[in-house]
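Q: I have a model open and some questions about it. Can we go through it piece by piece?

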Amino acid sequence: MAQNQNGVNVLVEKKRKKKKLKKVFMIIALVIAGIVAGTAAFAFYFAKGGNLPGDSVNLNNRVSILLIGTDKRPGASSYNSDSIIVASFDPKTKLISLLSIPRDTRVTLPGSKSYCKINAVPMLKGIPELEKQVTELTGIELDGYVLTNFNGFKDMIDTLDGITIDVEKDMKYETGDKEDGYINLKAGVQELDGTKALQYARFRHDATADIGRTARQQKVLTAVGKKMLQPATLLKLPELIPELMKAVETDLSLKDLLKLAGAAKSFEDATIVTQTLPGDAINLDGLSYWEVNRDAAKEVAQNLLLGKTTDKVWDSTVLASLDPEVKAHLAAPSTAAAIDIPEISGVTAPEPGAIPVTTIQTEQYSGTITWSPADSTFVDGQEYTATITLVPKAGYTLKGVGANFFTVPGAAAHNAAGSGVITAVFKALPPITSAATIDISEIAGVTPPAPGAAPVTAITVTEQYTGSVTWTPADAPFVEGQQYTATITLVPKEGYTLEGISANYFTVPGATATNAAGSGVITAVFLL
């Protein structure tokens, strides 16, 4: 039998190389999936003893990747970027930073004095120019990019069997797209498939507009990462990895991917911080842009790399920082558009002990709030009235706004026709009642799958909680020789709470059960 110079059997050597290539493939796929998730999900592989082939990877270097979500359709030659996020990984500090750049951010292309929105850069000049523009804005050097389109995004979420998201309010809007044109979501914690997750990530038809959308995109990325860390997902990685790889495009080389994999090895206890690049909405030559203070933007970006965030997303210093040449183009359009977002975000039902908000900002208007009574902190059992005064920004007007057009969550709101003065009455808050932490750890009613049995869809109700059950795979009835995972979602009854629940607190007979701290979503894997 043929042997190489070292006396090693050639067939054995081929098998070894094949196994090694398979390992490299696994690493690449896990890294790509991890980048798309924006989390350390792929660190699990290394936490269990995986190793890189070779010792050339430098684990001391920060790695920063540009994540791009687009509306690119198959065969299309032009597209815009719906989301632009810088994901930065620091193996020294075990910190993952996600910096969202609003898609309307104003930039100037090389060789042109005209302005454009940063989401149009890939179509006009290509992704390398987008990477350059992002680095100029943030001061962060990029190692490469990962891009996914709407279909790729949906496929990725569906490959993971959906994600859990707390949808903060009802969302309904028609985008006008021939495909993915309808957004229709109800408020509450729920499992979202690819289509619904895309709806959530794209929704922007409220007072926070694109700024609210960037926050939702960050929530989606974090949810994807959490889903990838679940044992049930990790067990299916050999099947999932090829599908996840189909969902993205990247310019990262094998060397780059191995470098990322090496960095991932130290992310077992990683911390994730998120930030939207602060700025303000301005109008130039009749077009609206998100304008950032270039110096402040770099400071915010560098602070984020250190784990420091700011809740000051709307930056009132922007106008003062504009170049004279740009200021010359600041003007209201010949015809101003009527404010068309009815919900006043940022003014919520008073909570005892909370400090009243006094200002709001959106791309269409700024606003001040006065409270009656003028308590420095809200007190229990008190009715409050918020008087909100809106000031339209350039390009917008209150003319044409109907009576009682504006709404305020949790309040009865009123405004006169054509007026931006809104009176919002919050009824007296109910007395604070202390809820007890759930202390029934065993989930009853979810038993090991028996061939031919029908899957249960609800747990045995207890005095403390109810719960629903979904199964993967969704066989009905169960089949012999199949491994099943039950995702159980608990709903506390009145007087009980999930706050204080520790990680992996709940148990399921016959299964390996896991849950995050403070969470009632339990993943129960029934091994064969």
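A: Start with threonine 135, which lies in helix H4. Helices (H or I, at least four residues) and strands (E, at least two) are DSSP runs, numbered from the N terminus. The model is predicted: local features need pLDDT of at least 70 and side-chain atom pairs count only at pLDDT 80 or more, while totals for chains, interfaces and linings use all residues. Residues are numbered from 1 along each chain as its sequence is written, and side-chain values use heavy atoms, with hydrogens and water left out.

Q: Is threonine 135 buried or exposed?
A: Threonine 135 is buried, at a relative accessible area of 17%. Buried means under 20% relative accessible area, exposed over 50%, and partly exposed in between (1.4 Å probe, protein chains only).

Q: What is threonine 135 in contact with, leaving aside neighbours within four places in sequence?
A: Ile140, Glu141 and Leu142. Contact means heavy atoms within 4.5 Å.

Q: And the rest of H4, which residues are buried there?
A: Ile127, Glu129, Leu130, Glu131, Gln133, Val134, Thr135, Leu137 and Thr138. That is nine of the twelve residues, so H4 is largely enclosed by the rest of the structure.

Q: What follows H4?
A: Glycine 139, whose phi is positive, near 80°.

Q: Switching to cores. Which residues touch the most other members in the largest nonpolar core?
A: Of its 31 residues, they are Leu66, Val86, Ile101, Ile118, Leu130 and Val134. Such a core is a set of buried Ala, Val, Leu, Ile, Met, Phe, Trp, Tyr and Cys residues joined through side-chain atoms within 4.5 Å.

Q: Which elements give two or more residues to this core?
A: Strands E1 (63-70), E2 (81-90), E3 (95-100) and E6 (144-149), plus helices H4 (127-138) and H11 (294-305). There is also a second, separate core of 21 residues, which includes Val347, Ile360, Val408 and Ala413.

Q: What does isoleucine 101 touch?
A: Not counting residues up to four places away in sequence, isoleucine 101 touches Ile84, Val86, Ile118, Val134, Leu137, Thr138 and Leu277.

Q: New topic: what is the strand order in the open sheet of four strands?
A: E23-E24-E27-E26, with antiparallel pairing. Two strands pair if DSSP finds at least two bridges between them. The edge strands, each pairing on one side only, are E23 (465-472) and E26 (512-514).

Q: How many bridges join E23 to E24?
A: Eight, and the two strands run antiparallel, with E24 covering residues 484-492. Tryptophan 471 stands opposite alanine 486 in E24.
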